[in-house]
Amino acid sequence: MEWCQVRTNPERRRALIDAAIEVLAAQGARGLTFRAVDKEAGVPAGTASNYFANRDDLLTQAGARFYERLQPSPEVMAKVTEGPKTRANITELMTDVVGRIEAFSTGYLALLELRLEATRRPALREVLTERVRADLEFNVRNHLDAGMPGDEQTVRLLYLALNWLILDRLTLPGLFTEEQGAALIEDAVHRLVGPESKDEPHHSRSNGL
């Protein structure tokens with residue numbers, strides 16, 4: 001009876017998954033063991049094995065938890081649905097995305113480890129593919145429903161561009177300064193979103209192309 005109660009404790013489960021994310025970021029996928037998760041979470045040895053069927057189960061849930069923790073706040077969602085339909089607003093939203101991910105840097109580094117692990121584990125690859133696709137489709141739908149300038153391809157291109165910027169900022173922090181990063185976000189939005197109205201020419205902010 002006690003084992004069942006522990007296994008179904010949602011707060012304990014989330015704490016263990018969060019600990020798994022920290023282990024992945026610090027030690028890589030090879031370092032992710034139930035013993036390491038128990039130690040990181042500060043719980044008795046054997047606790048994690050009561051919550052997860054196996055290591056693959058833990059890996060999969062760690063991937064899902066990353067996206068759960070990065071859900072935008074109601075205030076951010078209000079800026080999408082009710083904010084001005086301008087490139088300036090999109091720039092603020094994209095800056096918020098980058099900032100939230102950088103604030104949860106261990107989560108992003110853990111996700112990179114999961115991506116690499118997924119190349120060797122078809123089941124994990126399938127789960128991550130579906131989760132990332134759902135997240136991208138969610139962003140595309142919100143962008144279009146809100147009447148923001150740009151189309152669904154704009155959202156996909158911003159996703160690709162900003163993900164690589166985040167990768168560089170977290171793995172090679174000396175490559176771009178914060179000021180350069182902010183300028184790159186602004187310019188990426190300006191170039192990819194296009195004109196805000198039919199009368200506005202589509203040109204580059206920095207070089208007039």
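User: Is Phe 66 buried or exposed?
Analyst: This is a predicted model, and in it Phe 66 has a relative accessibility of 4%. Buried means under 20%, so Phe 66 counts as buried.

User: What about Tyr 67, buried or exposed?
Analyst: Tyr 67 comes out at 9% relative accessibility, so Tyr 67 counts as buried.

User: How many aromatic pairs does the structure hold?
Analyst: There are four aromatic pairs. One of them is Phe 66 with Tyr 67, an edge-to-face pair with 5.1 Å centre to centre and 85 degrees between the planes. Phe 66 also pairs with Phe 104, and that pair is stacked, with 5.9 Å centre to centre and 20 degrees between the planes.

User: And what does the pair of Phe 66 and Phe 104 tie together?
Analyst: Phe 66 is in helix α5 (residues 55–69), while Phe 104 is in the loop between α7 (87–103) and α8 (105–118), so the pair links parts that are 38 residues apart in sequence. Phe 104 is buried, at a relative accessible area of 9%.

User: Which residues do the ring pairs link into a cluster?
Analyst: Phe 66, Tyr 67, Phe 104 and Tyr 108.

User: Switching topic: how many cavities of 30 Å³ or more are there?
Analyst: The count is one, and the largest cavity has a volume of about 720 Å³.

User: What lines the largest cavity?
Analyst: The lining has 31 residues, and Met 94, Val 97, Arg 100, Asp 135 and Asn 139 lie nearest the centre of the cavity. At least two lining residues come from each of α5, α6 (74–81), α7, α8, α9 (122–145) and α10.

User: Which helix gives the most?
Analyst: That's α9, with seven residues in the lining.

User: Now α11. What should α11 span, and how far apart are its end C-alpha atoms?
Analyst: Helix α11 (residues 178–193) has 16 residues, and at 1.5 Å a residue it should span 22 Å. The end C-alpha atoms of α11 are 22 Å apart, which agrees.

User: Which residues of α11 are buried?
Analyst: Gly 181, Ile 185, Asp 187, Ala 188, Val 189, His 190 and Val 193. What covers these buried residues of α11 includes α7 and α10 (152–171).

User: And what follows α11?
Analyst: Gly 194, with a positive phi near 90 degrees.

User: Last one: where does Arg 13 lie?
Analyst: Arg 13 lies over the face of Phe 52, at 5.4 Å from the ring centre.

Technical notes
Residues numbered from 1 in each chain as written. Predicted model: local features only at pLDDT ≥ 70, side-chain atom pairs only at ≥ 80, totals over all residues. Heavy atoms only, no water. Phe/Tyr/Trp six-rings, centres within 6.5 Å; stacked < 30°, edge-to-face > 60°. Buried < 20%, exposed > 50% of the residue type's maximum accessible area, 1.4 Å probe, protein only. Helix = DSSP H or I, 4+ residues; strand = E, 2+ residues; numbered from the N terminus. Lys NZ or Arg CZ within 6 Å of the ring centre and 35° of its normal. Expected span 1.5 Å × (residues − 1). Contact = heavy atoms within 4.5 Å. 1 Å grid on protein atoms, 1.4 Å probe; cavity = no way out; pocket = protein on both sides within 12 Å on 5 of 7 lines; lining within 4 Å. Points joined across faces, edges and corners; volume = space filled by probe spheres on them.
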